[in-house]
Amino acid sequence: MTSLVRRGILIVFEGTDGTGKSTQLQLLGHYLQDRGYSILTTREPTEGRYGQKIRSLYMDRKQYSREEELELFLADRREHVRQVLAPALEQGKVILCDRYFLSTVAYQGALGFDPEHILKLNRFAPDPDLALLFQVPLDTGLDRITSGRGDLLNDFEQRDNLARVAAIFGAIKRPYIRPIDAGGSIAEVHRLVIECVHSLLPVFSTGRV
Ligand code: TYD
């Protein structure tokens, strides 16, 4: 998005289900808020009209074609960029976003769409300043979903599908992507996240608190 006056910072949390990225997003939000940053936490799929439609897919993904599914995620993102992300960037906020267009590349890419084609379709969306890519072994992720969260696996979380998704996530090359080994404890992973964010935000080097 070239016309965007960009004073804020966009940090996105990406990875397969069960990597703990949502927990880490909350922790980083508190950490930055304690240091005086104006934070906006948000997520995709959103709570908007398209996001709600997407949530109805979770238990029965076959009700839409893969083209319709891709279009729903794109429509949700267009609305999110216009109504939430672009205004917050202009206001100078630090945005922490749980999933963004790399999720579309990986999850809808796993349906057979060309990942580069999906990236092109997302050109309307501003690039993140940092994409933290949370990675855990597949079985650890599945175990965290089923025993940790006490949930059944939804249609997006089936083993074969998640293996394809993880492979695509791992293959995307963009300068703003930083892989995070999310196999450690919550505190250990939080430290890794802070190290990555360090280079982006001057507060750490200037000592502002
Ligand atoms: P998730 O982060 O688990 O949201 P919630 O906490 O509301 O369950 O995301 C829901 C699922 O949507 C997840 O399995 C990944 C999938 N997804 C896509 O397939 N494409 C996308 O573009 C996005 C943003 C998510």
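The largest pocket in this structure has a volume of about 640 Å³, a value computed, like the others here, from a predicted model. Its lining is made up of 31 residues, and those lying nearest the centre of the pocket are D17, K21, Y58, R99 and E157. Four helices, α1 (21-34), α3 (66-90), α4 (101-109) and α6 (138-148), each supply at least two residues of this lining, with the largest share, four residues, coming from α4. By residue class, the lining of the largest pocket divides into nine nonpolar, 10 polar and 12 charged residues.

The ligand sits in the largest pocket. The elements that give two or more residues to the shell around the ligand are α3 and α4, and α4 gives the most, with four residues. There are 15 residues around the ligand, of which Y58, R99, T104, Y107 and Q108 come nearest, and this shell divides into five nonpolar, three polar and seven charged residues.

| Side chain | Ligand atom | Distance |
|---|---|---|
| R43 | oxygen | 3.0 Å |
| R99 | oxygen | 2.8 Å |
| Q108 | nitrogen | 2.8 Å |

Taken alone, the ligand exposes 560 Å², and the protein buries 88% of that area.

The second largest pocket holds about 160 Å³ of space. It is lined by 12 residues, among which F101, L119, R123, D127 and R174 lie nearest its centre, and helix α5 (residues 115-121) gives the most to this lining, with three residues. The lining of the second largest pocket divides into six nonpolar, one polar and five charged residues.

Conventions:
Residues numbered from 1 in each chain as written. Predicted model: local features only at pLDDT ≥ 70, side-chain atom pairs only at ≥ 80, totals over all residues. Heavy atoms only, no water. 1 Å grid on protein atoms, 1.4 Å probe; cavity = no way out; pocket = protein on both sides within 12 Å on 5 of 7 lines; lining within 4 Å. Points joined across faces, edges and corners; volume = space filled by probe spheres on them. Nonpolar A, V, L, I, M, F, W, Y, C, P; charged D, E, K, R; others polar. Near = heavy atom within 4 Å. Polar contact = N/O pair within 3.5 Å; in protein donor to acceptor, adjacent residues only side chain to side chain. Areas by Shrake-Rupley, 256 points an atom, 1.4 Å probe, with all protein chains shown as cover. Sits in = over half its atoms within 2 Å of the grid points.
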